[in-house]
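The report below reads through a two-part assembly in running text, with one table of paired side chains. Please keep the sequence and the coordinates at hand while reading.

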Amino acid sequence: MRIAVAGNPNVGKTSLFNQLTGSRHSVGNYPGMTVEQREGGLASRWGVMPHRFIDLPGTYSISAVSEDEAVAFRCLQGVDGSPPEAVLLVLDASNLARNLYFALQVLELGRPTVVALNMVDAAREAGIDVDAEALEACLGVPVVATVARTGDGVDTLVAAFERARPGSPAANDDDVGDALVAVLANLEDAGVSGAQARWLICSQAADTVELTGATPSQVAALEALDREDCWAAAREIVAGRYRHVETMLETLGVADRLDGAPAMETSERVDAVLTHPFFGLVGFVATMALVFVSIYFWADPLVGLIEDAFGASSELVSEALGPGLFTDLITEGLIAGVGNVLVFVPQIAMLFLFLGLLEDSGYLARAAFLLDKLMSKLGLHGRAFIPLLSGYACAIPAIMGTRTISSWKDRVVTMMMIPYMSCSARLPIYALIIGALFVTKPEEAWISPSTDRGLLLLSMYLLSTVSALVMGYIYKRTILASPTPPLVLELPPYRLPRVANTLRVVWDKTLAFIKGAGTVILAFTIVLWAVLSFPREETGAGGDGPTRIEASYGGRVAKSFEPLVEPIGQDWRVGIGILGSFAAREVLVSTLGLAYGMEADDDDPVQLREAMRNDVDEVGKPVHTKLSGLALMVFFVYACQCMSTVAVVKRETRGWRWPAFMFVSMTLIAYIAALIVFQGGRLLGFG
Amino acid sequence: MLRLMPTAATLEVGQSGVVSTVEGTDTTTLRLLEMGLVEGTAITLIRRAPTGDPLQFRVRGFHLSLRTSEAHRVRLEGPTS
């Protein structure tokens, strides 16, 4: 049986899905949508029945407000394929008042259903004792009490699938108001009846009919309704369902206890600190600092290990195959390319591990609560802050992290903003330029050499942050204009995160990155290698002859395009550097080193700094000045010199349109900004 | 003195009210209704975020966070304590 697993967010649906499927699950896409779908077969420990589970995104209502919520409805209705044979509805026993609303909606769809009354342990602790049998009598479908966290009740649940049947939650028909009766009659005449009519009315009221996959005749019938009547009817539908919920809660004997939100008692005390005006923000900054420092601390050595491992394999292969074109293709193309992909795995894994734990614990909802004011000024939801912030470490996991943003347009806006945040790869560039060209003599210092350099570095970071926010503001008002999404955010109870669940997510995301972005990164690596190493003529390194990189196609192009980089104060060597840095920003340093004739594995930037400082042109004027250095830094603040970013955006947006736009727009902005800095500086007499 | 229409946004911290209606005819209105803010529902203001926005409420046994603009749509019958 194909069983769709539906439920509100924060009810432990993921835990239950993982319990049911064990490690047997795959991640794909819902047909025609950018929302991810997790599917899996029944884990062998529960039996050998050929059940397949589809994990639907958590949703508060069948009437979707965003694409990922629409998925739940479309899947259950079988809009994009055959509908599931059964529905597993997961409810949070400690939060029944709202969960039952969604339950009623799902039951209205009329599919064979089984209810998992989850988190009964937490409910019991809060003094809420829900009798599964009584609930079964109310809803008309099998109800099984479960604790997904521990696996309690899952065997009973699996046995219950055989008894799945459509529920009988008929709304109290005597309670139906006039407006609703009239509208239902209208739709009945047009051929839309029963449960279908009810949620189509709500969708029509909320202007989300296009998400529902309604047929043209249904759409026409809905359009024919008077708007005010439609709204009056929708309000009655919602109110009616909640009256029904209240009746059920009375029958179950939990109505009074639930009112005081007992499940949130401990969380309220914790929130008094974590959302406190002062301590809350301090707590947030501390948490984020902890996450980023840990990532740096743990990921960095792993990245080093991977780089070493790939360097070693390169050498092994060179020795085995001997010098030559084929060897270079394998070592500098293939092995380097695979290395370039895997080098991101530690950062992706670490970031998603930490964020997954924070999400599972319930803290990220508080973070969204704290930051919503800032984000909504840009027109974004508070949830957009964390992916943006992650961009300071590395854009790749940050862009992957925009999945939490429900609105497609807002997700793209955030993805377009992230590369502007100064990622850690820009640091070697800033360090090189500042170290080479600024405060080279102590007497030049304004405050002190290190303070000056630090301030300069800080101003680059400030510039990038402000630019990211400005670009977001612009995009939200122009090409990706959409209204600020509503907040209406549930703050779930704090819970101990399930590490097993998070690790599964980390695995899924890492695999998705390697498969989705890996080929693109590998391809770019090989192309760049070819451009910067062909034609393969024998030249001398350093000395009088041109260096190998200078004589390459890339080098020749850079030389002939020198007039293009001159207005921003750069020369052809930097031109080659910019070309090479498309692989990754920090590659500018090594490529520039090669252009100055240094040995490829010479990691010492001091030599390169000297070379840049002392470089003079034919008439003896320095090639690199403070102004040209500043222009170059500003160029790198804005330029999208990262093939991996392009690859990830391509994967997340499922196409080349957005990555191409991002790359072209950022390069143009980078050039113009550098132009303004350099030419403007010259006009002002800074030479 | 101008009498402010009581809404969820005009509640004092710790104060409760009873929902009379939710203003508006858009997606947000429907979402507010479906989260349980129908007529007759009790709603309590727990706190405001550090900068005054958004607000955190207790509704039907769970905690719901709304922006001030969203909370203003939630008209109350008259605050009780």
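A salt bridge is taken here as a side-chain nitrogen of Lys or Arg within 4 Å of a carboxyl oxygen of Asp or Glu. The model is a predicted one, in which local features need pLDDT of at least 70 and side-chain atom pairs count only at pLDDT 80 or more, while totals for chains, interfaces and linings use all residues. Residues are numbered from 1 along each chain as its sequence is written, chains are lettered from A and ligands numbered from 1 in the order in which they are written, and side-chain values use heavy atoms, with hydrogens and water left out.

**Salt bridges**

Over all chains the structure holds 23 salt bridges, and four of this kind are counted between chain A and chain B.

| Pair | Closest N and O atoms |
|---|---|
| A:Glu490 and A:Arg98 | 3.3 Å |
| B:Arg73 and B:Asp26 | 2.8 Å |
| B:Arg58 and A:Glu268 | 3.0 Å |

A:Glu490 and A:Arg98 form a salt bridge. This pair links distant parts of the chain, since A:Glu490 sits in strand β8 (residues 489-491) of chain A and A:Arg98 in helix α3 (residues 96-108) of chain A, 392 residues apart; helices (H or I, at least four residues) and strands (E, at least two) are DSSP runs, numbered from the N terminus. How accessible are the two partners, if buried means under 20% relative accessible area, exposed over 50% and partly exposed in between, with a 1.4 Å probe and protein chains only? A:Glu490 is buried at a relative accessible area of 4%, and A:Arg98 is buried at 2%.

A:Arg241 counts as buried at 4% relative accessibility, and A:Glu108 is buried with a relative accessible area of 17%.

In chain B, B:Arg73 forms a salt bridge with B:Asp26. B:Arg73 lies in helix α2 (residues 68-73) of chain B and B:Asp26 in the loop between β1 (16-22) and α1 of chain B, so the pair ties together parts that are 47 residues apart in sequence. B:Asp26 is partly exposed, with a relative accessible area of 30%. Elsewhere, A:Lys13, A:Arg38 and A:Asp55 are joined in a network of salt bridges.

**Helix α2 of chain A**

Helix α2 (residues 67-77) of chain A is mostly covered, nine of its 11 residues being buried, among them A:Glu69, A:Phe73, A:Arg74 and A:Leu76. The cover over these buried residues includes β1 (2-7), β5 (86-92), α8 (194-205) and α9 (209-212) of chain A, together with α1 (27-34) of chain B. Just after this helix, A:Gly78 takes a positive phi of about 70°.

**Nonpolar cores and cysteines**

A nonpolar core is a set of buried Ala, Val, Leu, Ile, Met, Phe, Trp, Tyr and Cys residues joined through side-chain atoms within 4.5 Å. In the largest one, of 105 residues, A:Phe284, A:Ile396, A:Phe438, A:Phe513, A:Met633 and A:Phe635 touch the most other members, and helix α30 (residues 626-638) of chain A provides its largest share, nine residues. Leaving aside neighbours within four places in sequence, A:Ile396 is in contact with residues including A:Phe344, A:Phe513 and A:Val648, contact meaning heavy atoms within 4.5 Å. A second, separate core of 91 residues includes A:Leu96, A:Ala123, A:Val130 and A:Leu139.

Over all chains, a search finds zero disulfides, a disulfide being a pair of cysteine sulfur atoms within 2.5 Å. The sulfur of A:Cys230 is 8.1 Å from the closest cysteine sulfur, that of A:Cys202, which is too far for a bond; A:Cys230 is buried, with a relative accessible area of 3%.

**The interface of chain A and chain B**

At the interface, 49 residues of chain A are in contact with 37 residues of chain B. The two chains bury about 3,600 Å² between them, 60% of it on carbon and sulfur atoms, where buried area is the accessible area (1.4 Å probe) that two parts lose on being put together, summed over both. A:Arg235, A:Phe369 and A:Val488 supply 18% of the area that chain A buries against chain B, more than any other three residues.
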